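Subject: Structure for your files

Hello,

Please find the structure below, followed by my notes on what was found in it.

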Amino acid sequence: MGFLSTLLSSIGFGLGIPAGLVIGYFMFIYFQPNEVQVNWINRFIFEMWPYLDKAICKMVRDTTMRIAGQYIGQYKIESIEFETLTLGTMQPTLQGIKVFDTQEDEIIIEPILKWAGNPNIIIAVKAFGIRVTVQLVDLHIFTVPRVILKPLVPTLPCFGKISVSLMEKPHVDFGLKLGGLDLMAIPGLYKIVQEIIKEKVAELYLWPKTLEIPIIDDPRAAKKPVGMLYVKVIRAVNLKKMDILGKSDPYVKLKLTGERLQSRKTTVKMSNLNPEWNEVFTFAVKDPNSQVLELLAYDWDKVGTHDKLGMQILPLKYVTAHEPKIFTLELLKTMDPNDPHNKRSRGQIIVELTYNPFKEDDNSVRDYENATEVDKAPEGTPEGGGLLVVIVHEAEDVEGKHHTNPYVTLLFMGEERKTKRVKKNRDPRWEQDFEFMLEKPPVGEKIQVKVLSKGSSFHWHRKEDLGYVDINLSDVVNNKRINEIYHLINSRNGKIHIELQWKT
């Protein structure tokens, strides 16, 4: 189902992004468009549809096949490939457009997009020596994406980045056939599939979560920090009881939109529906007018996934500089205002926020910028080569079937390095770095990062694979430094935070 939701979300954003670009690039308007202008855009999409069909299908094929490659070799799957891939002859249409004038260096557009398409998408899966086809037909999508073009710059195409998010859960309707059998005719299955797809797409792209697409490498497109945000998670009250035989074991995850670092976490308070933390977290702020603090409360479980107790968001524009402010926030199931589950009380979370902008001569600005710079390679480095530094920071939600004592192995050009082992921890932190001296830049090379768990000497299942990721090193050679969180392949929810530096 994750594969199917990936396919549908790729198609949806493949349609939404070109529509948004057409609006932003060709109209560049700051007023509410009338019906004639919308019809003009629909006419333009109609004329361009044969070419957009091929371009979107290529993007969908490339994106989906990368995901599909993770499943080959599992469950006896031998191959996954597109037998047919076309979006049909019926193009999407715009039902209306909202354009917002924020008085900022940006354009915000919300096109109301509807597509009653006739695609023909057939995926062939071969497993156990048997080839089975799955066909997607009669796809209907209704969605309202928010497209933000910012910052506006004096270099074509005149904006540095596109940010896309959904303002509400999309409506997706489709037919699904397995070898000619209409699966959606099975009682109950249609509704289950609908809800799963809506939830998966919402997890990835429902506002304030965004899909960011860099367009040009302009200094104004990559904003530098302008201040520091201090978040004190004080306590929560009347949390929802999730365990049948006891109380919840709550903790809170914090994330600042626009920040690529991993979410921060409080400690777990065992068996407590009114926990107190009084823990402080620090974030670098780049745009206090648009960034949003996300707060998610979870119930920790020793086995399986952690249940979400509730969530809430807090735009930084509500925080006055240099003035600590306490917020009491009602926890919700989702940020969808039409979700009926939000009517049930899930408790409250109390936090204190303090935003301190940098002064122009503040040393902390330079300290932060210097922290992202890469030092030169040491003496003795081969001429034309360099030093590859791999920093293994931490992992999240890694879990073994029989034990969880994670450690990381790095496999690069036949050489293997290992981190220390962290016992009984699903969110291990290593903060270990490894160096590889190379005679030439590792363009085209990959490094495999694998998370494993090692049991005791007397354990029947002594070693388990918890997931892996292959990282292409061409980007680190070009950019000198990459600091990313990667989803682990062959892991349900596992992620790993890896930093790479190329020193010459």
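An open sheet is built from four strands in the order β13-β12-β15-β16, with antiparallel pairing (strands are DSSP runs of E, at least two residues, and helices are runs of H or I, at least four, numbered from the N terminus; two strands pair if DSSP finds at least two bridges between them). Its edge strands, β13 (264-265) and β16 (307-315), each pair on one side only. Strand β12 (residues 250-256) is joined to β13 by two bridges, and K253 has K265 in β13 as its bridge partner.

The model is predicted: local features need pLDDT of at least 70, side-chain atom pairs count only at pLDDT 80 or more, and totals for chains, interfaces and linings use all residues. Residues are numbered from 1 along each chain as its sequence is written, and side-chain values use heavy atoms, without hydrogens and water.

Strand β19 (residues 386-396) has 11 of its 11 residues buried, so it is largely enclosed by the rest of the structure (buried means under 20% relative accessible area, exposed over 50%, partly exposed in between; 1.4 Å probe, protein chains only). β19 pairs antiparallel with strand β22 (residues 429-438) over eight bridges, where G386 has L438 as its partner. Nine bridges join β19 to strand β26 (residues 495-503), also antiparallel; V392 stands opposite I498 there.

The largest nonpolar core has 39 residues (a core is a set of buried Ala, Val, Leu, Ile, Met, Phe, Trp, Tyr and Cys residues joined through side-chain atoms within 4.5 Å). Helix α2 (residues 35-68) gives the most to this core, eight residues.

Regards
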